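I opened my notebook to look at how two chains meet. Here is what I looked up, entry by entry.

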Number of protein chains: 2
Amino acid sequence: MKNSFLIISIFLLLISCNEKTTNAVFVENKSELKEAIKNAKPGDDIVLKDGIWKDVEIKFVGKGTKESPIILRAETAGKVFIEGVSNLSFGGEYLTVKDLHFRNGYSPTKEVIAFRTDSKNLASNCRVTNCVIVDFNKLQRDNDDFWVQFYGRHNQLDHCYLAGKTNGGPTVRVDLKGIQSIKNYHKIVNNHFGPRPRKGGARGETIQLGSSFTSMSPSNTTIANNFFEECNGEVEIISSKTNFNEIKNNVFYKSEGSVVTRHGNYTMIDGNYFIGDGENENYGGIRIVNTGHWIVNNYFYKIIGENFRSPLAVMNGIPKSPLNRYNQVTDVVVAYNTYVDCKSPFQFGVGTNIAQSAVLPKSEIRSARPIRTTVANNVIYNSKGDETPIVEHDKADGVLFKSNIIGNNGLYLKDDIRLKPASFTLDTISENIMLPNLSSVDVEPYNGFDFDLIKTDLVGNSRENNNAIGATVKADITNPNILDKSKYGATWFKVDAIVEGKTIKVSPSDNLSEKIKSANKGDIISLNEGKYVVSKSLIIDKNLTIQSSSENKAEIVFEGAENTPAFALNPYGVLTLKNVKLSGNGKNQAFASLKENMSNHFGLSVSGSEISNFNYVLKAYKQTFAETVTFKNTSISNCENGIELSEETNDRGDYNTEFLTIDNCTFNNVKQNVIDYYRGGYDESTIGGNLLVTNSTFTNCGAKEQNKMLLNHRGIVNVNINNNTFKNNKIQFVSILWGAKNNVESNNTLINSGKIKTEENLVMKLMY
Amino acid sequence: MKNSFLIISIFLLLISCNEKTTNAVFVENKSELKEAIKNAKPGDDIVLKDGIWKDVEIKFVGKGTKESPIILRAETAGKVFIEGVSNLSFGGEYLTVKDLHFRNGYSPTKEVIAFRTDSKNLASNCRVTNCVIVDFNKLQRDNDDFWVQFYGRHNQLDHCYLAGKTNGGPTVRVDLKGIQSIKNYHKIVNNHFGPRPRKGGARGETIQLGSSFTSMSPSNTTIANNFFEECNGEVEIISSKTNFNEIKNNVFYKSEGSVVTRHGNYTMIDGNYFIGDGENENYGGIRIVNTGHWIVNNYFYKIIGENFRSPLAVMNGIPKSPLNRYNQVTDVVVAYNTYVDCKSPFQFGVGTNIAQSAVLPKSEIRSARPIRTTVANNVIYNSKGDETPIVEHDKADGVLFKSNIIGNNGLYLKDDIRLKPASFTLDTISENIMLPNLSSVDVEPYNGFDFDLIKTDLVGNSRENNNAIGATVKADITNPNILDKSKYGATWFKVDAIVEGKTIKVSPSDNLSEKIKSANKGDIISLNEGKYVVSKSLIIDKNLTIQSSSENKAEIVFEGAENTPAFALNPYGVLTLKNVKLSGNGKNQAFASLKENMSNHFGLSVSGSEISNFNYVLKAYKQTFAETVTFKNTSISNCENGIELSEETNDRGDYNTEFLTIDNCTFNNVKQNVIDYYRGGYDESTIGGNLLVTNSTFTNCGAKEQNKMLLNHRGIVNVNINNNTFKNNKIQFVSILWGAKNNVESNNTLINSGKIKTEENLVMKLMY
């Protein structure tokens, strides 16, 4: 204990002014930690020794005070790693955890961090700050958990970085079951939500506030000043399901999803930035269900998502909706927002499915249009005129439009009552922030009921004087530097820079398996010409390219056992295979995921290759997922089965890949499951997967296909089959397209190959 | 204008200190009133001349201030009568109406008093005080209206007396459609809600707060310090359908209904008195649906209602209920209540209908038990031990019971964990208030989450010190004089005392019709022996008894036209007929309501009489209602039709009489509709009518009955058929009883008369 004086001194220097700690307790192992927690008093500062803490379940139970919380923290911020089967839970009040890094592991329970230790011991006024959680995923995708779950009241998650959740379950969730957790005033602020990969199906939200079962409860949670970057988990980034939540001043940056008021009412969505790129149609805006929300002062840039993903998506409800479905939109205010170069930013009646009355029960039909809703004082600008800035999937006759303008660069709109044409330019504030200059526009803001409660604008200027329509008042705007990442997340944490991979030359005489094993993420394995006989699966557990070193294809002959793959796609295994001949023994597989414990996604891109003599070309097992699977310029022949991505048969909206692309390939004598890609369950809010089959030729395939269909893609929402030739395939249908969704075909040539049929409505199992 | 100085002086004296009025404007007619309103400024005092104001629609539009409201009032409180086709509406702010009496008329619109003039002009900070509305009913029962409807915010109804509403629609209602009307903080305080007669079916609430369609909205309405007397309109006295309402310190006195949290959540029901008589099973307590309600400090005396009407009725919900049905009970607190001589005060799983799964859709099955609910610190006392103080219609396994005691006078209960037996006596505070003396009982109050927010007890004593279980703390309690009616309603209004009727002797030579016409309410028409030939219907439009003056029955021979009645039961016509022979010509009717415009109820009680040769004995037309219809010791013979109360065929839960009683009667040769009494529509919350058929004999009846049933009572909830003889009636069934409801029979003798069948579940039309 010699150093204790020094340590205490340093600690006292580090601690912020309003949190007095009087006693530092340094702990080196689990039992010391346990003992320190047991004895902790207000003002104690429990310090974890730098290093890796493995398989540790921290139950932080204690009672601090507002002035003197109990703090648990790293000796050096970011130098304490929580790994293995570990978690953290709070029980008590005024407890703060900081500076920890969760990685290389997963929680043994339903939560990595829980603001309770059990159902009776909840936390209040507890805080997690300056921590990081990366890739702390359960081994199986369907083994859902939450990385941070709030219970109790007045708890806070701030200045943390969370990224890489691939298993089911929202990253952060607020639970409201029980009166101890209502009116919670939790704060989720100043965090950096880093990339959350596409999950494939539901339960991939970044933040979820409650559930339909507690959707009547006042929550009063604040989500403010966070940075959401590539939060692509599912169609909802934030799913607000309770009442009186505030979502303010956040940045949604290139995130494939929307802020959704899914259940509950009276959400305030104020002063957020939604930044897209004008190319990716999956970046969304704000989608509205239910009553009493205010959407004000928000800025949308190059968000071109449509329908569910449109910048403003106002849904149709189900009349007298069941608790867990869609209530009608009523009493909503959309005011003072600015939309720059967005596509059809105002969409109403989103989700209407009146046309599907024949296949759905009455309690599923979204026919109730928004009522008592005001859209006022908004500004739309399009560099290139938009012909349909307002899209009515169902009539917006319950919406009052007032003082909205559109700068449409000369494109005349019939709809000039709802959107008044105006001529104005943009002021460039920063790369992504271009604000309308309305000095020449003479439109008075509409003063709706309670509009005087909108005190400030997007950047915090008062609306009292110089008020104007759009997200900002008439004033000089300084660059808010929304992309300055130092403003969000843990101070000490930097995301790894992408390192350029090196090229590793390999010859047939080398041990290919070893070369792959020793390669680093991003490397290129360059195969010299020749034959590589492989008897055991090559393990792909990182991002790797394998390609022939010259135009002459290297030849990989896989002699491995029945139903083992040439390339075993492990968690993180993203393989790019180029210009290679790959053959099997007719009973084994070209590519396959692991059968279980796929704790992270895989990926596959094959081009310029020849694949033959396998039982399966690709076999994805249940609970595995690839963001993309692509075959280009590749021939596939003499295989028992083709591309098999159809294991998510639980009909909960899940599927095995987000994007399956077949471009300029030939399929010859693939006997069944030529393409088998499945998503099941009636779930209007799962709006993937995506199948593109183009410029390809299928000959003599599907001979053993039991369902007589060549391309099986039942339930996949986006399907495009074009410019292909189907010849002598003994099947009844090449494809059955789902007309009500985005399933299309064009310019296909069918010779002795059945036909392509469109079914407007697919009968699916109800998920809810 | 000579008197203006005097008038102004008097006004200034009358006006309360914090409401400054500077200018009195005396108006004598409608146009002056209109002009005065048009010109009104803050501080104006518009004075209506004493007298009857007929057919006046007052649109009170203006803008007062908090310090200087605009007042509209009677010259003398209670001397201005609003009559005819009249109403009052507010548009603006800080407007007060006082001292008016609405009577002898009805509103031309949906409201008698509306806190808006149209959908765009709502009232805020407006007030109705010291006013009276009596019997201001629409002419037709199904022509629903509200006597007072709130819109906007911060409006108030106080010190008013409202009684006698018989048509459909809650007496007072708060509307929440639109953001202008949420968070309204309306106050309904210090009013006297006088008798509201049974309506027969739904839509007879005394106060309704919102609807299921606005059940997600914060309302924050307060209902406090009111006196509810004989509010018997329907099963709900107060129907709370929105959030955060407060129902505090009210007295529910002999009112046939309950306070119900029908939709919406987080209602505070605190410190109310529920006073019954230990005899009437229709007096109810508090019925709970939905989430987050607190039921604290309430006092229940001799409330013996069961099931829906029990002192505490906690309902089962429908899993994932549709918006307009039954949400599960969650997060409810029932604490510190006292129950004295109530029957089975705690009932759980009320409304469970799992057994009816065969006849109801899944979305109607109430199978979701209460969860996360706490019942603590309650005291039950029974002078005579209650064997089942807790009734579980479905299991109460989601309820936490803590520190509840029962003084059951020696009756041993197995259930001593949930209700701890204790021995204690009562202190008599007043006639209806008997409070447990717990000086010898040692039970610490359970300190549940947020229980420290329960600051005071039933009578306002602090719970900080001397806290105790039950509605009151340990302290000397002074009589709260809850029945002192001077504390409630309009200061100037007294309910008419009941005047003893006089007896009017009538001989066959007199004009009976004129005698009836000139009689007063409550009089007795005493018929001397002899034959009274009547050629036109006798108008009964008040409470009247007609009886023979001696044991020898007077004989009334009705020679009126086909399908006209001997006794025409008009609005308010409540006829007691005793000891009379009444005969017709075979084509006319003995008793009938009007065919339309029955703006108030009728009633009929026949005893010791002989009725013969009519087409109908009683014909009640659509939209007419009698609280009771009774036949005792009476013979009915040779009629085409019997007692016909089956016109409410719209299947909305309505019916024509609450109680139909047949006791010791004989029915001979009544060819069809011998008894025809109907209620239609699946509506679990309409829990009437009531049919009793006892000690009677039916012979040779039903010969022309098309449905082959003697006693038709489809849909009637309470049916008791006992000790009757049915002989030689050519029908298939005497009765088909509804087993799932309260339909029973016993000791009936059936000779050549078909049979009595019980059907457990009746298939009925869904109302919702």
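These are my notes on the contact between the chains, taken from a predicted model.

**Entry: who touches whom.** I started with the residues in contact. Chain B puts in 28 residues, and chain A puts in 28 residues.

**Entry: buried area.** I read up on the idea before looking at the value: interface size is often quoted as the accessible area lost when the parts come together. Here chain B and chain A bury about 2500 Å² between them. Carbon and sulfur atoms give 65% of that. I then asked which residues of chain B lose the most area to chain A. They are Ile179(B), Lys320(B) and Phe449(B), and together they make up 26% of what that side buries.

**Entry: charges and polar pairs.** I looked for salt bridges next, and the count between chain B and chain A is two. One of them joins Asp450(A) to Arg153(B), with the closest N and O atoms 3.4 Å apart. For polar contacts I got eight residue pairs between the chains, both residues at pLDDT 80 or more. I also sorted the side of chain B that touches chain A: 13 residues are nonpolar, nine polar and six charged.

**Entry: how the copies are related.**

Note on methods: Residues numbered from 1 in each chain as written. Chains lettered and ligands numbered in written order. Predicted model: local features only at pLDDT ≥ 70, side-chain atom pairs only at ≥ 80, totals over all residues. Heavy atoms only, no water. Contact = heavy atoms within 4.5 Å. Buried area = accessible area lost by both parts, 1.4 Å probe. Salt bridge = Lys/Arg side-chain N within 4 Å of Asp/Glu carboxyl O. Polar contact = N/O pair within 3.5 Å; in protein donor to acceptor, adjacent residues only side chain to side chain. Nonpolar A, V, L, I, M, F, W, Y, C, P; charged D, E, K, R; others polar.
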